Structure formats: C-alpha cells, structure tokens
Amino acid sequence: MARRQARAATLVAVAILAGVAAGAYWWRQDAAGRDQRGPAARKPAPPVRAVTLTPETRLVERTRYPACDGVVLETERPPTPVETGWRLADLLRSRETWHLLAATPGRIVLERVQDGPCPPEGWLRYRTVRLHQDRVAVFYGRPGAGGEDLGPLRLLTTIPAERLLPGDRRRLEQGLVVEGDAEAWHVLESLTP
C-alpha cells in the first residue's frame, strides 16, 4: 500500500513537472514569436486608405523646413473637384514626397520635408484675407506691387462670397492684410453673420 502511494505521488510529481516544462516551453516560443512579428501580432488597424475624399473633407498639407528653425507652412482646404471621390490611397499615390500623419473621414493631414530655401519673412509674418474661388481664403504673406509677395494658400474656408455684407465683400476683393494667424482668425470670426 505504501508502495502504491509512493508511485502515485511520483506520477503526480512527474505530471506536474511535465506540465510546468511544457508551459515554459510554449511561453518562450510565444515570446520569441512576438519579438519576430513585432506590432503585426496585434489586431490590425482599420484600413484608413479606404477613406474617400468628399467635398466636406478638410485636406491639410504641412510643409516642414528643418533648416529654418522648424518653420511649418500649413494649407487647409477641401479637395479639388478632381480629388473629390478619390480614396486616400489615390491621393497618396499622387503625392510621392508627402507622408500621411492622420486620416479620418472628415480630415486628412499630410506632411513633407522641404530642404530648400526658407520661406520669405513676409510669408511668416503676414496673412492676407481675400476672396478665392468665390470663398473667403487666407494666404501667407501680403501682396506687393504686382501681387508677387503673396504666398501660398493658408486656409480656404467654407464661407461663400455671397453671404458677405457688401462692405466686407469689397474689402476682401482687394485683400485685407493682417499680422499672423490670430488676427486672420479674428477677421474670419467677424465675417460670419
């Protein structure tokens, strides 16, 4: 009887050791596989490239100038009529030097790094609020004698020209020059009835 109990105890001990050894083996295999698979072992993210550009989508394009103390010029606009209906993957194919920072159905943020010359000081300091494509827009810089100092588009709003008061419309047809984004946003707020 004592021998039977000793054998049973030995078999239980061997079974426990075998279970611990097998568990340790599989745990190490799983850990090694995670190191090799990296982040792909997690649940895959939803396909953002399937986002379709609509007229309501805001497209933000940031150009970063690392040699110019990190200056960033940003353009925010709706997609052009040609881009409307494109999937995000189509948009990215059309812009080889840009990379995607964020994408939702309502807002897509792209960025590129520009190693070339720094933007003119006037673009960084001034903003011009004016009409563009029958909507209120904000541009970098201010127009010179021939309009040559006016920089790229900063923001194309959804405010149509026909909603403006006659006096505001006349001022914006000529262009209203302000200093910086804060003053430009103040002008935009004053235009909305």
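Predicted model: local features only at pLDDT ≥ 70, side-chain atom pairs only at ≥ 80, totals over all residues.
Buried here refers to a relative accessible area under 20%.

Two strands pair with β5. With strand β6 (residues 135-141), β5 runs antiparallel, and six bridges join the two. At this pairing, His-132 is found opposite Arg-135 of β6. The strands β5 and β6 form a hairpin with two residues between them, and in this hairpin Gln-133 adopts a positive phi near 55 degrees.

The other pairing involves strand β8, made up of residues 176-179, which meets β5 in the antiparallel sense through four bridges. Here Val-129 has Leu-176 of β8 as its bridge partner.

Stepping back to the whole chain, the protein contains five helices and eight strands. Their order along the sequence is α-β-β-α-β-β-α-β-β-β-α-β-α, a pattern that readers can follow in the structure above.

The chain has 193 residues, and 32% of them are buried. Its accessible surface amounts to about 12,700 Å², with carbon and sulfur atoms contributing 56% of that area. As for contacts within the chain, when those between residues at least 6 apart in sequence are considered, 56% connect residues at least 24 apart.

Conventions
Residues numbered from 1 in each chain as written. Heavy atoms only, no water. Buried < 20%, exposed > 50% of the residue type's maximum accessible area, 1.4 Å probe, protein only. Contact = heavy atoms within 4.5 Å. Areas by Shrake-Rupley, 256 points an atom, 1.4 Å probe, with all protein chains shown as cover. Pairing = 2+ DSSP bridges.
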